[in-house]
Amino acid sequence: MDQEIERDIDASAASRAAAFFVHVFTALGAGVALLAMLEAVREHWTAMFWWLGVALVIDGVDGPMARRLDVVRLQPNWSGEVLDLVVDFATYVFVPAYAITASGLLWPIAAPVLGAGIAVSGALYFADRRMKSEDNHFRGFPGLWNIAAFYLFLLQWPPMASSLSVAVLIALTFMPFYVVHPVRVRRLRWLTLCLIGAGMALAVVTLIYDLKPGMTVTAALCAIGLYIVGSDSAIRLVRSLHA
C-alpha cells in the first residue's frame with residue numbers, strides 16, 4: 001500500500017512538473033520576442049521575421065500541450081491565459097509595431113503616430129473580452145501585426161499607401177466584422193488549414209529569398225491573406241442576399 005501511495009505521489013509530482021514546463025515553454029515566446037526586437041533594431045528584417053515565426057510555432061503548440069497535460073488543474077496558481085496574452089502582445093503587436101515604424105515603409109510624419117496607434121489599439125484589443133464570437137471568429141482585425149508587417153515588407157508599397165493601410169487596420173480593430181480563426185472555426189476548416197499550411201510554406205520561401213520571392217509567390221500569399229481576412233464577411237453577405 002505504501003509503495004502504491006509513493007508511486008501516486010511521484011506521478012502527481014511529475015504531472016505538475018510537466019504542467020509547469022508548458023508555462024515555461026509559453027514564456028519562451030517572450031525571450032524570442034526580445035531576439036526579434038534586437039534584429040529589428042539592427043534592421044535585420046528577415047532575421048526578425050524568422051524569430052517571429054518561431055514565436056508563432058510556440059503559440060500554436062503550447063495550447064494543445066496545456067490541454068493535454070491538464071495545466072489549468074495541475075498549476076492553478078499560474079494563469080496560462082494571462083501569460084499567453086502577455087507573450088502574444090510582445091510578438092504579435094509590440095515588435096511588429098517597432099518594425100513598421102522604424103523601417104521607412106511609412107510616411108515619415110505619420111510613422112510615430114501610426115506606430116503608437118498600433119501599440120494602443122493592440123493593447124485594447126487583447127483586453128477586450130469580446131475579441132472572439134460564439135462561433136470562434138475574431139471580432140475586428142485581430143491584432144495580427146506580425147502578419148501585417150510581413151505583408152508590408154513583402155509588398156513594399158509607397159509610404160502613403162502603406163500608411164493608409166496601417167490606419168485602416170487600426171480602425172478595423174474596433175469594427176464589427178469577423179475574421180476566421182484558422183483552427184477553431186469549423187466551417188470550411190479543411191480549406192482554411194490547407195491554405196494556412198500553404199501560406200506558411202510560402203512565407204518560408206519568402207524569407208529564404210530575403211523578402212523578395214517574386215510575383216507568383218507574392219500573388220499567392222496575397223490571395224491567402226484575402227481569404228483569411230475576408231471569407232467570413234463574404235459568406236455572411238451572400239447569406240444575407242439569399243435570405
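Me: Which residues does Tyr151 touch, not counting residues up to four places away in sequence?
Reply: This is a predicted model. Tyr151 is found in helix α6. Setting aside residues up to four places away in sequence, Tyr151 touches Leu221, Cys222 and Gly225.

Me: How far apart in space are Tyr151 and Gly225, C-alpha to C-alpha?
Reply: In sequence, 74 residues separate Tyr151 and Gly225. From C-alpha to C-alpha, the distance in space is 9.0 Å.

Me: Does Tyr151 count as buried or exposed?
Reply: Buried means under 20% relative accessible area. Tyr151 has 18% relative accessibility, so Tyr151 counts as buried.

Me: Which backbone oxygen does the side chain of Thr206 reach?
Reply: Thr206 lies in helix α8. Its relative accessibility is 0%, so Thr206 counts as buried. At 2.8 Å, the side chain of Thr206 reaches the backbone oxygen of Leu202.

Me: Leaving aside neighbours within four places in sequence, which residues is Thr206 in contact with?
Reply: Contact here means heavy atoms within 4.5 Å. With neighbours within four places in sequence left aside, the contacts of Thr206 are Phe150, Leu154, Leu211, Lys212, Pro213, Val217 and Leu221.

Me: Which element gives the most residues to the largest nonpolar core?
Reply: The largest nonpolar core has 47 residues, and Phe150 and Ile118 are among those with the most contacts inside it. Elements giving two or more residues to this core include α5 (111-127), α6 (145-155) and α8 (189-208). The most, 8 residues, come from α6.

Notes. Residues numbered from 1 in each chain as written. Predicted model: local features only at pLDDT ≥ 70, side-chain atom pairs only at ≥ 80, totals over all residues. Heavy atoms only, no water. Core = buried A, V, L, I, M, F, W, Y, C linked by side-chain atoms within 4.5 Å. Buried < 20%, exposed > 50% of the residue type's maximum accessible area, 1.4 Å probe, protein only. Helix = DSSP H or I, 4+ residues; strand = E, 2+ residues; numbered from the N terminus. Polar contact = N/O pair within 3.5 Å; in protein donor to acceptor, adjacent residues only side chain to side chain.
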